[in-house]
Amino acid sequence: MTTQAQTPTPPSAALSLVAAGDLCAGCGLCAGLAPEAVTMAVDARGFLRPVQRGPIPAAQEAAIAASCPGLGQSARPAKPGQEVLWGPFERMKTGFSTDPALRHAGASGGALSALAAHLLETGRVDAVVQIEADPANPTGNRTRISTARAHILASAGSRYAPSAPLAGLAALRASGRRHAFIGKPCDAAALRAAAARDPAIAHTFPVILSFFCAGVPSARGAEELLAAMGADADRLESFRYRGNGWPGRAVAKLNDGTEREMSYHEAWGGVLSGHVQHRCKICADGTGGAADLVFADAWEADPRGYPIFDEAPGQSLIVARTALGVELLSEAEGAGALETQPFDVAELAAIQPGQRERRRALFARLAALKLMLRPVPRYEGLNLRACARQNPLSRNARNFLGTLRRALRRQA
Ligand SMILES: Cc1cc2nc3c(=O)[nH]c(=O)nc-3n(C[C@H](O)[C@H](O)[C@H](O)COP(=O)(O)OP(=O)(O)OC[C@H]3O[C@@H](n4cnc5c(N)ncnc54)[C@H](O)[C@@H]3O)c2cc1C
Ligand code: SF4
Ligand code: SF4
């Protein structure tokens, strides 16, 4: 019997560079652009990562190289006179869904779900691409194409676990239908970049929605969380990271009908935030600069300026970044889907300390990685030098040295 020599698959230059720098955000765009050659799978660390199974045609390789958020992001800079930390915006408000079920189920005020339901029910889009819990793996995520309010309600709430909502892009593009897309800021940036190169993608996704994002923890994070809650993973029936109240609690439902719970503050601050991927620690845009509308927690601040995580009726921060975002927000307000109040951007730095500090620290972190000749994303229009100037020199030096130390440890 003769064995035929297998031609090895030429590795994608773009994906190889992403892997060399551990720069993957797990968005799934590469799989969406090259579905015959790339799939997404959970790696040994518990993150969703691309797996190349065949040669990637040159045009698809070029599209990945130009749009992968691990390799880079271009953003519109903040407008003259606007605070550089938060990127460009047209309106900033707080608000909540007037549908009590969406407000309760939502991570904060259910405003993101309310807007998505409004787009669907007014025919602005045919469907909403979003993330929901994976019934086969209750701490994990899967992508859902929602065509009814009930689907959006079932998907409401934040899920602090890997998601790759762009992995199915090819099929959605081929469908000819118009979708609102909900994803992390890196997903939104990847989609915006891909849409700028391909009018069919732009047609498929006329609306891009996102939320502020501090980072995606690995599946190992969820395992540690279950252990800390005293919940047996083998008996898990369903799992919520938060929501069902504001901020809501992490709740594990077991197959004997019992529940284990933990506060949002303990679950995120005590466990999950320690499992966030490298790309998130050097993320220049956790506030959704590429989206039409972005949603976040409109925390109250205590007298020292720290966010308060006491249970309260949910309030979302709502940021309209484009003219389309302003139009959609006004329509949803006018139709009574959202109740909103004005919000003063000067208050944002106090209630979003994680976003504030990461933006200010980034210039120093990236400088340390470049010194170590580590690949970093190519960031354009993100005002990183101006953000760093808001830090005292000592804090920039601490961030530089801390990143250098970690990079040296990884190399050792
Ligand atoms: C990983 C992560 C980090 C976050 N970090 C911050 C932060 O630093 N500061 C802050 O203010 N807010 C953060 N948020 C956002 C916040 O939790 C809420 O999404 C936001 O307040 C909007 O709430 P809502 O009630 O309006 O949204 P909801 O009505 O609850 O809608 C949430 C939407 O997000 C989608 N979604 C949930 N999890 C994921 C996921 N993993 N990937 C893609 N889509 C998802 C759901 O499908 C749903 O459509 C984070 C969310 C996530 C998932
Ligand atoms: S960041 Fe997105 S496009 Fe880039 S390699 Fe990772 S999954 Fe693929
Ligand atoms: S922190 Fe940035 S890179 Fe990480 S998941 Fe969020 S938006 Fe993506």
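Predicted model: local features only at pLDDT ≥ 70, side-chain atom pairs only at ≥ 80, totals over all residues.
Residues are numbered from 1 along each chain as its sequence is written, chains are lettered from A and ligands numbered from 1 in the order in which they are written, and side-chain values use heavy atoms, with hydrogens and water left out.

**Ligand 1**

- Taken alone, ligand 1 exposes 920 Å², and the protein buries 97% of that (areas come from the Shrake-Rupley method with a 1.4 Å probe; for residues, only the protein chains shown count as cover).
- Two or more residues of the shell come from each of α5 (111–121), β5 (127–134) and β12 (293–297); helices (H or I, at least four residues) and strands (E, at least two) are DSSP runs, numbered from the N terminus.
- There are 33 residues around ligand 1, and Gly 110, Ser 113, Ile 131, Ser 158 and Gln 352 come nearest; a residue is near a molecule or strand if one of its heavy atoms lies within 4 Å of it.
- This shell divides into 14 nonpolar, 15 polar and four charged residues (Ala, Val, Leu, Ile, Met, Phe, Trp, Tyr, Cys and Pro count as nonpolar, Asp, Glu, Lys and Arg as charged, and the others, Gly among them, as polar).

- The residues around ligand 3 include Cys 186, Cys 213, Cys 280 and Cys 283.
- Both α8 (185–197) and α12 (278–281) supply at least two residues of the ligand 3 shell, where seven residues are nonpolar, one is polar and three are charged.

**Nonpolar cores**

- The largest nonpolar core has 87 residues, of which Ile 64, Phe 239 and Leu 317 touch the most other members; such a core is a set of buried Ala, Val, Leu, Ile, Met, Phe, Trp, Tyr and Cys residues joined through side-chain atoms within 4.5 Å.
- Its largest share, five residues, comes from α8.
- A second, separate core of 26 residues includes Leu 102, Val 125, Val 207 and Phe 295.

**Two aspartates to look for**

- Asp 22 lies in the loop between α1 (13–20) and α2 (29–33), and counts as buried because its relative accessibility is 18% (buried means under 20% relative accessible area, exposed over 50%, partly exposed in between, with a 1.4 Å probe and protein chains only).
- Leaving aside neighbours within four places in sequence, Asp 22 is in contact with Arg 45, Arg 49, His 278 and Arg 279 (contact means heavy atoms within 4.5 Å).
- Asp 285, in the loop between α12 and β12, is buried, with a relative accessible area of 4%.
- The side chain of Asp 285 reaches the backbone nitrogen of Gly 289 at 3.0 Å, and one of its polar atoms lies 3.1 Å from the backbone nitrogen of Gly 288.

Key. Polar contact = N/O pair within 3.5 Å; in protein donor to acceptor, adjacent residues only side chain to side chain.
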